[in-house]
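Hello,

Here is the structure I said I would pass on. Please open it first and then read the notes below it.

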Amino acid sequence: MTRQLTFLSAFCLLSFFTLKAYASPTTYRSSCKYELDNAPSLTGMEDCNDFVSHAASLIPGRSHFINAEEPCTELNSEGYESSFGIWIDGGSNCERSTSFPNSGSFSVQLRNAIGITSSMFTQNQNFVGMGVNIAFSYYPQGYETYEGFVLEYATDGGTIYTGYAAWVRGIHFQNNTRYNVSVVLNGMTWTTQSRLRLRSVGSSNDDLVYIDDVVISNCCQVGASCNDNSQCTINDVVNANCQCQGTYQDADSDGTCDAFDICPGLDDYLVESQAPCDDGDPCTVGDHLDSDICGCEGQYIDWDQDGYCQSEDPNDVDACIPDPENPACNPCITHDNAHFESNFQIWNSGGNDCSRVYAPQHAYAGNYCVRIQDNSGAQSSMFTDNINLAGLNNVSVTFFFKAVGMEVNEDFLLEYSTNGGGSYTVVDSWSRGTDFENNSVQYRIVPVTGVTWTSQSRFRFRCDASANDDQVYIDDVIIRSCLNFPMMQAPEITDPPVISNDHQVFNPDPEDLILSPNPV
């Protein structure tokens, strides 16, 4: 018994998808190139060999083997001993023959590939509500590699036939060998004008197949258990159309079946969009639906890491309040606090792609900030003068930034040097789509660990994008060292005392304060 390949996605060289039953023979050419040209969903194949190589991976397809134990009712059995029976001779390339019968004295010979003339087909059959199975014996001769024959069906009295299964030399059979096959055609919407057709697709009259002992059966048991191969259904049974159908399961009616539901019982759209909610914990902010727990979850906020959350702590950026004896109480030294309102201060422009700009709409506070852009290496950077950090261990850089025009995965970096800028090492980087989105002011505390600092220490911000309109605006950069790092308190953020502007000043919200890298 051979396997049948699903015709709709299989070997276009044997047959294209729908064929007018009584088209002129001149419209059919036994050419793989012709079949490829006339199968619109199979474009892109260079030649027949490419297509067959690709299609071979599709075996088995829609058709499958009949289970010998599956109960079937025979509808018609034809051995062609005295006539074609319910089958109709398609034309000059189809005839009853005494060659190679499976039983008795006669078989049906199909040859060449001249459309309907190379076929035989049934009279109209009433297959409504049936699970049709066709079994037959065949003996092929003379077919070249990738030639063979096809099984097709029609539900409109034979006006249009649709391919269902193909048998191909070199894939399913070899010449001069007998084969017995059985194909189940369950799932069709059969009518009272249903037909089956067997058709040769060769290249000459020497390409022959002898068909014998064709049995058509109804193998449908309405109400019988089955498997519709869908994880979304249960209690699968054969319905009145002989189709296997189960009961779709979607307990929360969100349009996603339970088997693929991220959180059964919750609307997947709300979960995926992280819809706001209330987790009932006063120490958390940004409460939202979370797919990891399939529930409401917020972020616990304790910025100074003193054990008192923001709702309990009178000053959550000073670990010495409310308990000066707290181990997290962490005196810090500020080495520089750059607002950029009057000049670069200890910072310097690396070149043409770094500028101190008047941009109150992008600055954290005041009117000026520093813009880095493009990906011109040092020219897309801002860097400090030498800072004497020798002997210190717990150094951090705090800054505000706002990105404009950055594409997904474009980033900017923070780097340090201990040799006066002779070389730089990356501390951290931030990418659009992963760490930030455009047009949103954000705040970072970046601990710089494991460095033997010198009196020639420097920091550098560098843009690594792709064009001048990929920009990062940086403001209020604070460089500090603290005693009890990593229990490092957040710096006190203050606006420049003599600067005011008309735009709204960004007040740090704990949701926008990010310790980087995370975890420290």
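**Contacts of W87**

Leaving aside neighbours within four places in sequence, W87 is in contact (heavy atoms within 4.5 Å) with N76, E78, Y80, M120, F121, T122, I134, L196, L198, V214 and I216. This is a predicted model, in which local features need pLDDT of at least 70 and side-chain atom pairs count only at pLDDT 80 or more, while totals for chains, interfaces and linings use all residues. Residues are numbered from 1 along each chain as its sequence is written, and side-chain values use heavy atoms, with hydrogens and water left out.

**Two cores**

A nonpolar core here is a set of buried Ala, Val, Leu, Ile, Met, Phe, Trp, Tyr and Cys residues joined through side-chain atoms within 4.5 Å. Buried means under 20% relative accessible area, exposed over 50%, and partly exposed in between (1.4 Å probe, protein chains only). Which residues touch the most other members of the largest nonpolar core? They are W87 and M120, in a core of 34 residues. At least two residues of this core come from each of β6 (107-111), β8 (132-141), β9 (148-154), β10 (160-168), β11 (179-184), β12 (195-201) and β13 (208-218). Strands are DSSP runs (E, at least two residues), as are helices (H or I, at least four), and both are numbered from the N terminus. Another core, of 33 residues, lies apart from it and includes F412, Y416, V448 and A465.

**Disulfides**

A disulfide is counted when a pair of cysteine sulfur atoms is within 2.5 Å. By this rule there are six disulfides; three of them are described here.

- C72 and C219 are joined with an S to S distance of 2.0 Å. The torsion about their S-S bond is about 110°, so this disulfide is right-handed. The two cysteines are 147 residues apart: C72 is in the loop between α2 (48-55) and β3 (73-78), and C219 is in the loop between β13 and β14 (233-238). C72 is partly exposed, because its relative accessibility is 35%, whereas C219, at 4%, is buried.
- C226 and C244 are joined at 1.9 Å, S to S. This link is right-handed too, with 100° about the S-S bond. C226 is in the loop between β13 and β14 and C244 is in strand β15 (residues 244-248), 18 residues apart. C226 has a relative accessible area of 25% and is partly exposed; C244, with 27%, is also partly exposed.
- C283 and C309 are joined at 2.0 Å, S to S. Here the link is left-handed, with -60° about the S-S bond. C283 lies in the loop between α3 (268-272) and β16 (284-290), and C309 in the loop between β17 (295-300) and β18 (332-338), so the pair ties together parts 26 residues apart in sequence. C283 is buried, at 6% relative accessibility, and C309 is buried, at 0%.

**An open sheet**

Two strands pair if DSSP finds at least two bridges between them. In what order do the five strands of the open sheet run? The order is β19-β22-β27-β24-β25, and the pairing is antiparallel. β19 (347-349) and β25 (425-431) are at the edges with a single partner strand each, so one side of each has no neighbour in the sheet. Strand β24 (residues 411-417) is joined to β25 by six bridges. Y416 has T425 in β25 as its bridge partner, and Y416 is also one of the residues in the core of 33.

Regards
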